[in-house]
Amino acid sequence: MPRTSKQEHAELSIEADSPVPLYQRVKQLISQKIYEGSWAVNKKIPSESELVNQLGCSRMTVNRALRELTTEGLLVRIQGVGSFVAEGQGRTALFQINNIAEEIIARNHKHHAEVLVLEQIYANAEQSVLMQTREGQRLFHSIIVHYENDVPVQVEDRLVDAALIPDYLQQDFKTITPNAYLMAKAPVSEGEHIVEAVLASPQECKWLKITKAEPCLLIRRRTWSNKQLISSARLIYPGSRYYLEGKFNP
């Protein structure tokens, strides 16, 4: 793996006034740099000593953050060399952010949605990383099942920045999809898709009316508007009922 000099890394900082434990804030900072692409796969991140100096933390705090991120699979640590961004699972780029209701209607089928959860929450550690915010930040959370001709085809589990989209909880998502509403309120300037093959959770199997053994397609989607992260969605489809396609010009 290639070495990276100290000069290649911009100055780092973490939020000082936060109830989140210091090692968690260090983890969040490193995770954010990885997820946003600032620190690329197989590239060396700042050394433990550099992180201690830049963040003003103890070596014990930084070491704990690095150890936990290594255990979680985000980093690879090589004795005497340093820590590197780990290779993730395969990613497939999808070139459009589609509205599932429009897709279904375009096939001359009927779409309807069942709203299971529509609530205000406060970000936990995992959610704060997904939404690039601090732990405890106010978010909106929705879980919606989308149906095609009365057959469930997608579970949409979404987080939304409450400060940027303050009226999210007041919407009737039986008549408009979150995708359509968010696109109207905050047109997408940047998007991220991560695609995986997974097995649904027991609860998702009930919502989708599938067996626990049926493979599913999972899309993790994040969208930005004017460089502000608006939403992070977890979209799961039964493999037997859906497929994805993309086109590109080389």
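## Chat about strands, helices and confidence

Q: Quick one to start: which residue in S2 stands opposite leucine 75?
A: That's valine 85. Strands here are DSSP E runs of at least two residues and helices are H or I runs of at least four, both numbered from the N terminus.

Q: How are S1 and S2 paired?
A: S1 (residues 75-78) and S2 (residues 82-85) are antiparallel, with four bridges. Pairing takes at least two DSSP bridges between two strands.

Q: And which residue in that hairpin takes a positive phi?
A: Glycine 80, with phi near 80 degrees; three residues lie between the strands.

Q: Before I go on, what kind of model is this?
A: It's a predicted one, where local features need pLDDT of at least 70, side-chain atom pairs count only at pLDDT 80 or more, and totals for chains, interfaces and linings use all residues. Residues are numbered from 1 along each chain as its sequence is written, and side-chain values use heavy atoms, without hydrogens or water.

Q: OK, what's the mean pLDDT of the chain?
A: It's 84, and 84% of residues reach 70 or more. pLDDT is the predictor's confidence in each residue, from 0 to 100.

Q: Which elements have the lowest and highest means?
A: Helix H1 (residues 22-35) is lowest at 80, and S3 is highest at 97. Residues 1-9 fall below 50, with 16 contacts beyond near neighbours in sequence; a contact means heavy atoms within 4.5 Å.

Q: Switching to the open sheet: what's its strand order?
A: S3-S4-S5-S8-S7-S6, six strands with antiparallel pairing. S3 (111-122) and S6 (190-199) each have a single partner strand, so one side of each has no neighbour in the sheet.

Q: How many bridges join S6 to S7?
A: 10, and the two strands run antiparallel. Alanine 197, for example, has leucine 217 in S7 as its bridge partner.

Q: Which helix packs on the sheet?
A: H6 (residues 178-185), which touches S4, S5, S7 and S8 and makes about 35 degrees with the direction of S5. Axes are lines fitted to C-alpha atoms, for helices over the stretch in contact, and angles run from 0 to 180 degrees between N-to-C directions.

Q: Last topic: at what angle do H2 and H3 cross?
A: Roughly 120 degrees, with the axes of H2 (residues 48-55) and H3 (residues 59-71) coming within 9 Å. They are therefore oblique; under 35 degrees is roughly parallel, over 145 roughly antiparallel, 65 to 115 roughly perpendicular, and the rest oblique.

Q: Which residues meet there?
A: Glu48, Ser49, Leu51 and Val52 in H2 meet Arg59, Val62, Asn63 and Leu66 in H3.
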